[in-house]
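I am opening my notebook on a new structure.

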Amino acid sequence: MFFKKSASQELPVPSLAPSSLRVAPDDPAIDCVAGLVRSYGKGAIDTDGDGGDSVTKQCDQWASQIAMGRPAANDEGSASGLRRDYGGLLSFFERTRASEVDFFNRSLHGLRGALQQFAACLAYSLSADRKADGGLEEQLQTLASALDSNNPDQIRANADRVLKAARLTLLERRQREARQVEILAQKFNQLKSELVEARSQATTDALTQLYNRNAFEQHLERIADWGVLFQHPPTLILADVDHFKSINDSYGHPFGDTVLRAVGDTLTRSFLRRQDFVARYGGEEFAVVAVETQPETLQTMAERLLDNIRKLDVRNGALEVEVTVSLGIARLRQGERPAQLIERADEALYEAKRRGRDRMVQAA
C-alpha cells in the first residue's frame with residue numbers, strides 16, 4: 001500500500017453539537033473513550049482528504065474535548081454541567097473512516113490492475129518464448145543431422161537457416177519486451193505519484209524535517225525495482241557539507257544544527273518537483289533521488305544547488321560563516337541494486353572532496 005505526503009494545516013477545535021450529553025466528570029467510560037480516540041489517531045494514515053498528521057491532531061483535540069468537556073451555557077463552573085460532543089465525535093469517525101475506505105479501495109484497485117497487467121505480460125512472454133525456442137530447437141536438430149551427413153552444402157544451408165532463425169527470435173523477443181515495458185509503464189504512471197513518495201509518519205528527521213535514512217532506503221528500493229519503467233533512469237545525488245567538523249568545533253553544535261537546517265531547506269527549494277525525494281542520509285550528509293530527469297537538466301539543477309549553498313547567509317553573531325557542499329552523482333543502471341547505486345554515488349562524492357570540495361562529480 002502506498003501513501004501520500006501530508007499537508008500541514010491549522011485544525012479547528014471540535015465544536016459542540018446540540019446532541020451533547022451530561023455525564024459525570026469521573027466516569028471511567030469517558031477515560032476509555034478518550035484513550036480509544038487517541039489510539040486511533042496514532043495509527044492514522046495519509047489519504048486524499050486529510051493527511052495522517054492532520055487526523056492525529058484532530059483525534060487529540062477530540063480526546064481532550066471528551067475527557068475535559070465544556071461547561072454548559074447555564075451551568076458555568078459547574079462540574080455536573082460539563083457537556084461532551086459525542087454526536088460530533090461519531091460524525092468525525094464516520095467521515096474519517098469513509099475517507100480511508102474510499103482511499104484504500106481505489107489504491108487496491110489500481111494495484112490489482114497493475115499486477116494483473118504484469119501477469120498478462122508475463123504469461124504472453126512465456127508463451128511466445130516457448131514457441132520461438134521450439135522453432136529454434138527444431139532448426140538446431142536439422143543442423144545436427146546435416147553435420148552427421150558430412151555434406152558441406154547441406155551443412156552450410158542449414159547453418160544459414162539456424163542463423164536467420166536465431167536472429168529473428170532475438171529481434172521478436174526484443175520487440176516484445178519493448179511493447180511489454182511500454183504497457184507496464186502506462187499502468188505504472190497511474191501509480192507513480194504514490195510509488196515515488198514515502199509515508200511521512202515516522203519517517204521524518206527531527207532536525208531538518210526532511211525524510212530520514214529509513215524512508216530513503218525504502219524509497220530507493222522501490223525506485224530500483226521500478227527503474228526500468230522510467231523514461232530516464234533515476235539518479236541519486238549524495239551531498240556532504242564541507243568541513244562540517246570544523247564548523248561544529250569552532251562554533252558549537254547548536255550552530256552546526258543551524259547549518260544543517262539551512263542546507264536541508266536549500267535542497268528542498270532546489271528540488272521542488274513532486275517526484276523528487278530529499279532526505280537526510282546521516283550526520284552532515286544528504287541524499288536526493290531525482291526521477292524522470294534528463295542528464296542535462298540534472299546537471300543544471302546540481303549546479304544551481306551548489307550556487308545556492310554558496311549564497312547561504314548563515315551567521316554566528318556578526319560573523320558570516322561560509323558553507324559549501326560536495327556532490328556525488330550516480331545514475332541507476334539496469335538491474336542495479338540500491339547498495340551498488342549508493343556505493344557508486346559515494347565514490348563520486350569522495351572524488352569531489354579529493355578534488356577540492358564545493359563541486360560535483362558524476363560516477364562513471
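I start with a cut-off: a residue counts as exposed when its relative accessible area is over 50%, and as buried when it is under 20%. I also note that this is a predicted model.

**Entry: helix α6**

I looked up α6, residues 244–251. Which of its residues are buried? I found Phe244, Ile247 and Asn248. Seen down the axis of α6, these buried residues fall within an arc of 95°, so they line one face of the helix. I recalled the general rule: an α-helix has 3.6 residues a turn, so residues three or four places apart point the same way.

Then I checked the other side of α6. Lys245, Asp249 and Ser250 are exposed there.

What do the buried residues of α6 pack against? I found β4 (235–241) and α7 (253–270). Just after α6 I noted Gly252, with a positive phi of about 100°.

**Entry: α7 and α8**

Next I followed α7 to helix α8, residues 295–310. Their axes come within 10 Å and cross at roughly 145°. The crossing is right-handed. From α7, the contact uses Val263, Thr266, Leu267 and Ser270. From α8, Met301, Arg304, Leu305, Asn308 and Ile309 take part. I sorted the residues of this contact into 5 nonpolar, 3 polar and 1 charged.

**Entry: cysteines**

How many disulfides does a search of the whole structure find? The search gave 0. Cys32 has 45% relative accessibility, so it counts as partly exposed. Cys59 has 0%, so Cys59 counts as buried.

How values were computed. Residues numbered from 1 in each chain as written. Predicted model: local features only at pLDDT ≥ 70, side-chain atom pairs only at ≥ 80, totals over all residues. Heavy atoms only, no water. Buried < 20%, exposed > 50% of the residue type's maximum accessible area, 1.4 Å probe, protein only. Helix = DSSP H or I, 4+ residues; strand = E, 2+ residues; numbered from the N terminus. Arc of directions from axis to C-beta. Contact = heavy atoms within 4.5 Å. Disulfide = S-S within 2.5 Å. Axes fitted to C-alpha atoms, helices over the stretch in contact; angles between N-to-C directions. Left-handed = near helix turned anticlockwise from the far one by under 90°. Nonpolar A, V, L, I, M, F, W, Y, C, P; charged D, E, K, R; others polar.
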